[in-house]
Amino acid sequence: MAEYMLLLHEEPQDFSQLSPEAIQAVIGEYVAWSSKLEAEGKLVGGQKLKDDGGRQLSGWDGDFRISDGPFAEVKEVIGGYFAVTADGYDEASEIARDCPHLKYGGRIELREIEPTS
Amino acid sequence: MAASGEDRVRETMDHLFRQHAGQMVSLLARIFGIDKLDLIEDAVQDAMVTALKKWPYGGVPDNQFAWLTQVAKNRLIDRLRRGRSSAELGEADGVFIAGETPAIHFEGEIAEDQLRMMFACCHPAIPADSQVALTLKTVGGFSVSEIARAYLANEDAIAKMLTRAKKKLRESDVEMEIPASSSLTLRVDAVLRVLYLMFNEGYSASAGELLFRRELCFEAIRLCKLIARHSVVSAPRVNALAALFLFQAARLPTRTGSGGELILLSVQDRRNWDKALITDGLIYLHRSASGHELSDYHIEAEVAAIHSLAEDFASTDWPRVIECYGLMQARKFSPVVELNRIVAIGHLDGPAKALTELDSLGKHYLMTSFDLFHITNAHFLVENGENRKALASYRRALEFIRNEPIRRHVTERMTLLGDH
């Protein structure tokens, strides 16, 4: 078993005009997805990252630079991540495939975490 | 997150968000003023979208309502600050910006806010035809698109209607308050009338999508119960109206077939009537019998109860049904009630008797263009063996039918009668 990182790229479709009823339904889909993983013991964790795009750091020594990250509007930010355990990329892909994020137009980057030992 | 995964899934079900939206709008309107309704609705929507962005990752908070309310309040205060001087924020500013907002709102308090909002939405200053939509939007948490789909109306038209109604709210300085006892009866009646229309729109369905119409019925029930539970505002007729709604709603699943076609009471599968709703209806009917008040809602609820409790169509207590319609007519004549009374007479005394009565009712100017009158007429003509005349009546009905399932029902009947 290995751990995998699901990096959820981009804002999915614009939810701002959804009715409360519809918003509840979408949250329900996400919760159902993560609850199932949790019940199967496959969910390690997940967190939302702030929409502000963060900071980009580069350079070293005298050439150190700090700038604002990509803006949420350009849809390049990572909205958040989930960490799961899976038996290889195939299973991890299966898990990621069911994530509602894809259904609503987002993109998921799947990375295996290199074990420290 | 203490709740198990399964519990959390369950927690997010049952229109909770929609109800929270209505509760938050009412709560914030009471605190910040109903004149800021547009800003308040935007802030509530923002809070909902924020939850959508956050909850999938971190999980659903234990007290969803408190979480959403806090976010909505903060958004609202941000917007008010951006737009106005803080003096204009008044008291609300000090209360909510300085420290942590008390997150606990007692259930009774929330219900009272919604009740006040209902009185505002059904205020005589608001055009009658917008009161239902305004109540659905602000108290019920329905979106413009959902209201439009229930009414089979254009979204723009509903949005414009709501804008006008909210303008009236502001211009007429409508207060969010429980009316003084001198006007309480009239104001409660106005609210009940709106709930009655809301339920009927969902139930009799002159148009619109089935799913969304049903939601109107259950929202009317929820709001009616909210009034019924209020110690000052409640009255026997409120309980009677709740009972009526519940009996009718119990039959909802059997009123339309899988293809959306209309299924008449006589052939509905009574085993599929919702027993829990009927039981609930009986509880409210019982409560409605306290005191001396007898309202139209009482009599209508009794008719609905008779149907709900009859083992099958044949064993319906028709004499009592006819008596009830007679009681209603004695209070205030209505040709529509008369039509119902004649239907009951037809079931008890046979088609010939019904046809005679229909003949004289047909002279009423409202009946000429009333599709159900012609359909009823045709029904009893068929029972009386007068197929040719029945066909003519059905044809007449087709001129006035606005509802697709009813139109299909009628054309099927006509085909059976040999119309090609």
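## B:Asp173, out on a loop

B:Asp173 is exposed, with 9 other C-beta atoms within 10 Å. You'll find B:Asp173 in the loop between α9 (155-171) and α10 (181-203) of chain B. Helices here are DSSP runs of H or I with at least four residues, strands are runs of E with at least two, and both are numbered from the N terminus.

The backbone at B:Asp173 is worth a look: phi is near 50°, a positive value in a residue other than glycine. Most residues other than glycine have a negative phi.

Bear in mind that this is a predicted model, where local features need pLDDT of at least 70 and side-chain atom pairs count only at pLDDT 80 or more, while totals for chains, interfaces and linings use all residues. Residues are numbered from 1 along each chain as its sequence is written, and chains are lettered from A and ligands numbered from 1 in the order in which they are written.

## Chain B overall

Chain B has 21 helices and zero strands. Its C-alpha trace spans about 80 × 50 × 40 Å along the principal axes.

Of the 420 residues in chain B, 40% are buried. Among contacts in chain B with a separation of 6 or more, 65% link residues 24 or more positions apart. A contact means that the C-beta atoms of two residues, placed from the backbone, lie within 7 Å.

## Where B meets A

How many residues does each chain put into the contact? Chain B gives 27 residues and chain A gives 20 residues. On the chain B side, the elements that give two or more residues are α1 (5-11), α2 (16-32), α3 (37-58) and α8 (144-151). α3(B) gives the most, with ten residues.

## The sheet in chain A

Over in chain A, four strands form an open antiparallel sheet in the order β2-β5-β1-β6. Strands pair if DSSP finds at least two bridges between them. β2 (43-48) and β6 (107-112) of chain A stand at the edges, each with a single partner strand, so one side of each is left without a neighbour in the sheet.

β2(A) pairs with β5 (residues 78-86) of chain A in the antiparallel sense over five bridges. A:Phe82 in β5(A) is the bridge partner of A:Gly46.

Methods. A residue is buried if 20 or more other C-beta atoms lie within 10 Å of its own, exposed if 12 or fewer, and partly exposed in between; C-beta atoms are placed from the backbone.
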